[in-house]
Amino acid sequence: QVQLVESGGGLVQVGGSLRLSCAASGRTISRNGMGWFRQAPGKEREIVAAITWSGGTTYYANSVKGRFTISRDNAKNTVVLQINSLKPEDTAIYYCAASSYDRLSYPEIRSSDYGYWGQGTQVTVSS
């Protein structure tokens, strides 16, 4: 089993930045694709960014391209989401997730591909 714990959320002004971290424990996530999702009040959960097990390929939702960067450190069993130029519409709970599959060559973007989820971290952008 994999346990995921997110950190780094908070309250930030428009245009600010945050660095969200996801620490995995229980076993290595080095073989798993990883993703960040978010859910705003009254909205469905949506994919924000994803990265393959090797870190070689990434995916970003159109709404965050150029502002968000996903990266991973397999030696430290961590995944990071750097978020810049924050907008009010970025306000949401952000979740880290680990894929149920090993060593896929493409980043997974469906929530159903992910079998392990963190508890989430709140990001609030104030205008």
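N62 sits in the loop between strand 6 (58-60) and strand 7 (68-73). Strands here are DSSP runs of E with at least two residues, helices are runs of H or I with at least four, and both are numbered from the N terminus. This is a predicted model: local features need pLDDT of at least 70, side-chain atom pairs count only at pLDDT 80 or more, and totals for chains, interfaces and linings use all residues. Residues are numbered from 1 along each chain as its sequence is written, and side-chain values use heavy atoms, with hydrogens and water left out.

- N62 is exposed, at a relative accessible area of 66%. Exposed means over 50%, buried under 20%, and partly exposed in between (1.4 Å probe, protein chains only).
- From the C-alpha of N62 to that of V125 is 19 Å. The two residues are 63 apart along the chain.

**Fold and dimensions**
- The protein chain has 11 strands and 0 helices.
- The C-alpha trace spans about 40 × 25 × 25 Å along its principal axes.
- Of contacts between residues at least 6 apart in sequence, 61% join residues at least 24 apart. A contact means heavy atoms within 4.5 Å.

**Surface and charge**
- Buried residues account for 43% of the 127 residues.
- The chain exposes about 6300 Å², with 47% of it from carbon and sulfur atoms. Areas come from the Shrake-Rupley method with a 1.4 Å probe; for residues, only the protein chains shown count as cover.
- The chain carries 13 positive and 9 negative charges, and their mean positions are 4 Å apart. Lys and Arg count as positive, Asp and Glu as negative; His and the chain ends are not counted. Each charge is placed at NZ of Lys, CZ of Arg, CG of Asp or CD of Glu.

**Aromatic pairs**
- Rings of Phe, Tyr and Trp (its six-membered ring) pair if their centres lie within 6.5 Å; planes under 30 degrees apart are stacked, over 60 edge-to-face, the rest tilted.
- The count comes to 3 aromatic pairs.
- F37 and Y114 form an edge-to-face pair, 5.3 Å centre to centre with 80° between the planes.
- F37 lies in strand 4 (residues 32-39) and Y114 in strand 10 (residues 114-117), so the pair ties together parts 77 residues apart in sequence.
- F37 is buried, with a relative accessible area of 1%. Y114 is buried too, at 5%.
- F37, Y114 and W117 form one aromatic cluster.
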